[in-house]
Amino acid sequence: MLMNALIVGFVLAFAKFIDWWGNTMLSRPIFIVALLGALLGHPTEGIILAAQLELVFLGNVSLGGVMPTDFTMGAIFGGAFAMLLGEDLATAVMLAVPLAALGTLLYSAMKVVVTALVPKFEQLTRNKKLGSFKALWIAQFAMFHICYFLLGFLCVLLGTDVIQAFVEVIPDWVQASMTVASTMLPALGMALLMKSLWSKEVCPYYFLGFGLGAFFLYNATTAGTITEAAQDAAIQLTTTTTKILSLTQIAFLGAIIAALVIFSELRKIKEKESMKIAAKTMDESEDFFND
Amino acid sequence: MTDVNTVAAPASGGLKKKLNREQKKLVWSVFWRTMWLMFCTSYTKQQGITFSWVLIPYLEKIYGKETDEFYNAMARHQGFFNTTPGVSPFIFSLVVAMEEERKACLDAGKPFDDETIESIKVALMGPFAGIGDSVYSGVLRIVATGVALGFSQAGSWLGPILFAVVYNVPNVLIRYFCATYGLKLGSTYIAKMLESGTIKAFTKGFSVLGLTMIGAMTAQYVSFKTTLVADLGGTTFNLQSVLDQILPGLLPLALTLGAFAYLRKKNRPMRVLVFMFVISVVLTVLGICG
């Protein structure tokens, strides 16, 4: 358990670091929970959980310094407890969503500390102490990451038994509901994303994407069995409905359309400018004739 | 400080300008130092304090170590600053070039209005955050997630690796080119670009791609399905197959649009979250889903 606690603490601190350094997005559940799974010794399970948790938190992005919920912390704790206790996605989601909300509170509290340090930074600049300025800058973010490491470490070390007891008393219907909820939650993610991109001019493209993703289906044969019917033997085929276009293929088509839109917008700008120039020369020639 | 004049060329410039060796070194230095921009974000100044931290070596080089001018410049660069970190190298390159120009002006005995540097920063951070956020969060992240999800759901290692690569190769390229073009283009050119609306054209294009992908993901990853099958006098009634005949993916689309319509009116994502948990419990208990 000590080793597991160290791993979770390390992954949480690392996720927080890599979220800021270079903004690599590696703190997204899809990557960080997969990494966590590999370190905890549940590689395949980790990757699948990572994909499911990513879908739950898909719409949560920190924009303009505002973090709606701390999806990184929620996903890491949800994924870690699910893997350590041998539980499934329903448990991961049930733990991840409230923990993500709690994580935001913690993040806000830490940001208040940083905000309190701002006058100190300004004072050091005024007093011409560059060395202290640099040292304080390093100290504040080192503290920040040590806090997250300790949080992950202590929660797993001390909290696993509590969580296990909690998970064991949950009735089946709650488990089933959580599974249903985990298929519905991506809708909230999509809605949050749409809010930042939606405008009247471009909204039809959302429905175009939906159509490309939803309407093109084919029946893929997954299995076949020979049945002994009354007259003669027949082959019974099992089929599943499969989407023809993958998201990568839709992204390819979408990029073509986006390029066409950009070209037409740029052409409009050029036309407007040449109109302006034309109007200007007209004015000048009129002045000439008026004189 | 003889090389100050060779590095500085902010006011004039253009796409085809070649950078000399000194400038190329500066580009790489800006590229690496801006990686740290998000550390020390505060409520009052956001990235303001780190903005001055990034500039330390450049200001030391321009004004000399431990000089009054250096500390004045540091203080000038501690104002509120907030933009998408990925496109920030552009603003940093531009600011370094303008500080060099300021030094050259003062050395030549000409006046230089310190406000111009601050106003360029303030003027650029908004539009750059607009285009940067739509590229990074709206397009790159969505495309990378879309490419990776299928592999991840199947439990393949390709998923997380593809996600990291598809997102970060463009991330690194954008950072490098932003640092380069900040030096090349100069302030005048940027002002022109903002005025003519070129940036708006690109933002619109990125919204188109982003929305198309969100639509496709609504179709493929919001899997809200009913399991209700009723026996009505000999004929079986399968609710899901009826819904599929009306329009494939009708429920996910309705759910997403409903959530979106609510969020547009009232920005309360937590309420939507709780509501979804509640209806999933109700539908499961009633035997319609699950």
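Visitor: How many aromatic pairs are there over all chains?
Guide: The count comes to 35 aromatic pairs over all chains, where rings of Phe, Tyr and Trp (its six-membered ring) pair if their centres lie within 6.5 Å, with planes under 30 degrees apart counted as stacked, over 60 as edge-to-face and the rest as tilted. One of them joins Trp137(A) and Phe141(A), whose ring centres are 5.3 Å apart with planes at 75 degrees, so this pair is edge-to-face. Keep in mind that this is a predicted model, in which local features need pLDDT of at least 70 and side-chain atom pairs count only at pLDDT 80 or more, while totals for chains, interfaces and linings use all residues. Side-chain values use heavy atoms, with hydrogens and water left out, and residues are numbered from 1 along each chain as its sequence is written.

Visitor: Where do Trp137(A) and Phe141(A) lie?
Guide: Both belong to helix α6 (residues 130-168) of chain A, four residues apart, or about one turn of the helix; helices (H or I, at least four residues) and strands (E, at least two) are DSSP runs numbered from the N terminus. In general, an α-helix has 3.6 residues a turn, so residues three or four places apart point the same way.

Visitor: And is Trp137(A) buried or exposed?
Guide: Trp137(A) is buried, as is Phe141(A), where buried means under 20% relative accessible area, exposed over 50% and partly exposed in between (1.4 Å probe, protein chains only).

Visitor: Switching to chain B, which residue lies over the face of Trp53(B)?
Guide: That is Arg33(B), at 4.2 Å from the ring centre, and Lys121(B) lies over the face of Phe51(B), at 3.9 Å from the ring centre. A charge sits over a ring if NZ of Lys or CZ of Arg is within 6 Å of the ring centre and within 35 degrees of the ring normal.

Visitor: Where does helix α3 of chain B bend?
Guide: Helix α3 (residues 48-63) of chain B bends by about 55 degrees at Ile56(B), with a proline, Pro57(B), following within four residues; the bend is the angle between axes fitted to the seven residues ending there and the seven starting there. The helix α3(B) is mostly covered, with 14 of its 16 residues buried, and just after α3(B) comes Gly64(B), which takes a positive phi of about 90 degrees.

Visitor: Which residues other than glycine have a positive phi?
Guide: Among them is Met25(A), at about 65 degrees, which is found in the loop between α1 (2-20) and α2 (29-40) of chain A and is buried, with a relative accessible area of 15%. Another is Lys128(A), with phi near 60 degrees, which lies in the loop between α5 and α6 of chain A and is partly exposed, with a relative accessible area of 34%. As background, most residues other than glycine have a negative phi.

Visitor: What about the largest cavity, which residues line it?
Guide: The lining consists of Trp20(A), Tyr107(A), Lys111(A), Val114(A), Gln140(A), Phe144(A), Cys40(B) and Thr41(B). The elements giving two or more residues to this lining are α5 (89-126) and α6 of chain A, and α5(A) gives the most, with three residues. A cavity here is a set of points, on a 1 Å grid over the protein atoms alone, where a 1.4 Å probe fits but cannot get out, and lining residues have an atom within 4 Å of a point.

Methods:
Chains lettered and ligands numbered in written order. 1 Å grid on protein atoms, 1.4 Å probe; cavity = no way out; pocket = protein on both sides within 12 Å on 5 of 7 lines; lining within 4 Å.
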